[in-house]
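We will go stop by stop.

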Amino acid sequence: KARGQYARHYRNVFHATYTIASKDGILALQKGVAPFVCYQFMANIAKLGLYQHLVDKGWTRHRDGSVSTLKMVPLSMCCGGLGGFICSPFYLVKTHLQSKANEASIAVGHQHDHKGMAQALSSIWRAEGIQGLWRGASSNVIRIAAGSPGQILAFEKSLGE
């Protein structure tokens, strides 16, 4: 094994599921669900709420009322990016909770000793301040911004413009 590489514990997704369930228990497969729900809620509320505000202002449509893809795409990317930024602490905590192994033999990467979402947010805040809560936000912002135009355009088209 080369220096700095982690041991490979899982051969595929099925083996990972089996190993985690057998070593950490079946409930370990659901670790991170609470922060993931908060993450999805916050990201979508921010993205769709801000986008609806832009729709109400008429910034996303042609004069005839039809959706302008050239207006909608950059605006929805901005809305998605803002949503991704706002919800980033929940994504960070979700990742910390999901990566924590109860049994050291299957631990991969750095192990965080969080007991749950609220304790994790508090612990990160105390140890690293506000910057710690938004560590890794840049990748989250880009990912959500990139996917937002497709989601919002599909939604717009489903409404029949």
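The tour covers aromatic rings, the charges over one of them, and the cysteines. Keep in mind that this is a predicted model.

**Stop 1: the ring pair.** Select tyrosine 39 and tyrosine 91. Their rings form a tilted aromatic pair, with centres 4.9 Å apart and 50° between the planes. Now colour by helix. Tyrosine 39 belongs to helix H2 (residues 33-57) and tyrosine 91 to helix H4 (residues 88-99), so the pair ties together parts 52 residues apart in sequence. Across the whole structure, the search finds three aromatic pairs.

**Stop 2: the cluster.** Ring pairs join Phe36, Tyr39 and Tyr91 into a cluster. Is tyrosine 39 buried or exposed? Tyrosine 39 counts as buried, because its relative accessibility is 2%, under the 20% cut-off. Tyrosine 91 is partly exposed, at 29% relative accessible area.

**Stop 3: charges over the ring.** Stay on tyrosine 91 and select lysine 94. The charged end of lysine 94 sits over the ring, 4.5 Å from the centre. Next, select arginine 143. Arginine 143 also lies over the face of tyrosine 91, at 5.1 Å from the ring centre.

**Stop 4: the cysteines.** How many disulfides does a search of the whole structure find? It finds zero. The cut-off for a disulfide is 2.5 Å between sulfurs. Cysteine 79 is buried, at 1% relative accessibility. Finish on cysteine 87, which is buried with a relative accessible area of 0%.

Technical notes
Residues numbered from 1 in each chain as written. Predicted model: local features only at pLDDT ≥ 70, side-chain atom pairs only at ≥ 80, totals over all residues. Heavy atoms only, no water. Phe/Tyr/Trp six-rings, centres within 6.5 Å; stacked < 30°, edge-to-face > 60°. Helix = DSSP H or I, 4+ residues; strand = E, 2+ residues; numbered from the N terminus. Buried < 20%, exposed > 50% of the residue type's maximum accessible area, 1.4 Å probe, protein only. Lys NZ or Arg CZ within 6 Å of the ring centre and 35° of its normal.
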